[in-house]
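Subject: Structure handover

Hello,

Here is the structure I promised to pass on. Please open it first, then read my notes below.

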Amino acid sequence: MKHIVKILTLLVAVSALWIGLLQTSILPHGHTWLLPIYLIVSLGCYGLLMVGIGLMTFPTCPTEGLLLQKDIDEAKEYLKQKGVDINSN
């Protein structure tokens, strides 16, 4: 919930800034209309950056790996009992 409030606050602040720039004509009118597009592109880049960082720092779970290996061994044993030939190539 806190994250949503942060995003909405940022969105309202950026919208207020954009409307203020449109009203005061500090920036050229043509550039001011492009600011929402720049914001969307910037948010997309930020999202891709966060996904990339999340993938690079993906946590490893050694205990889960051991449990998964145990499940694989049990499945192989079960299939061998049923007569299925399992090659680990």
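Leucine 11 sits in helix α1, which covers residues 2-24. It also belongs to a nonpolar patch on the surface, together with Met1, Ile4, Val5 and Leu8. The accessible area of that patch is about 530 Å² in total.

How far apart are the end C-alpha atoms of α1? They are 33 Å apart.

**The chain as a whole**

The protein chain has 3 helices and 0 strands. Along the sequence this reads α-α-α.

The radius of gyration is 27 Å. A compact globule of 89 residues would come out near 12 Å. The C-alpha atoms fill a box of roughly 80 × 30 × 20 Å along the principal axes.

What share of the 89 residues counts as buried? The figure is 3%. The accessible surface of the chain is about 8,000 Å². Carbon and sulfur atoms account for 71% of that surface.

**α3 and what follows**

α3 has 20 residues. From its first C-alpha to its last, α3 reaches 29 Å, close to the 28 Å expected at 1.5 Å a residue. Glycine 83 follows α3 and has a positive phi, near 95°.

Isoleucine 86 lies in the segment after α3, the helix that covers 62-81. Is isoleucine 86 buried or partly exposed? It is partly exposed, because its relative accessible area is 24%, and the buried class stops at under 20%.

Which residues does isoleucine 86 touch, leaving aside those up to four places away in sequence? The contacts are Lys76, Leu79 and Lys80. Aspartate 71 is 15 residues from isoleucine 86 along the chain. Their C-alpha atoms are separated by 15 Å.

**In brief**

To recap, the model is predicted, the chain pattern is α-α-α, and 3% of residues count as buried.

Best regards

Notes: Residues numbered from 1 in each chain as written. Predicted model: local features only at pLDDT ≥ 70, side-chain atom pairs only at ≥ 80, totals over all residues. Heavy atoms only, no water. Helix = DSSP H or I, 4+ residues; strand = E, 2+ residues; numbered from the N terminus. Buried < 20%, exposed > 50% of the residue type's maximum accessible area, 1.4 Å probe, protein only. Contact = heavy atoms within 4.5 Å. Expected span 1.5 Å × (residues − 1). Patch = residues over 30% accessible without salt bridge, like charges linked within 9 Å, V, L, I, M, F, W, Y side chains within 5 Å. Areas by Shrake-Rupley, 256 points an atom, 1.4 Å probe, with all protein chains shown as cover. Salt bridge = Lys/Arg side-chain N within 4 Å of Asp/Glu carboxyl O. Rg over C-alpha atoms; globule rule 2.2 N^0.38 Å.
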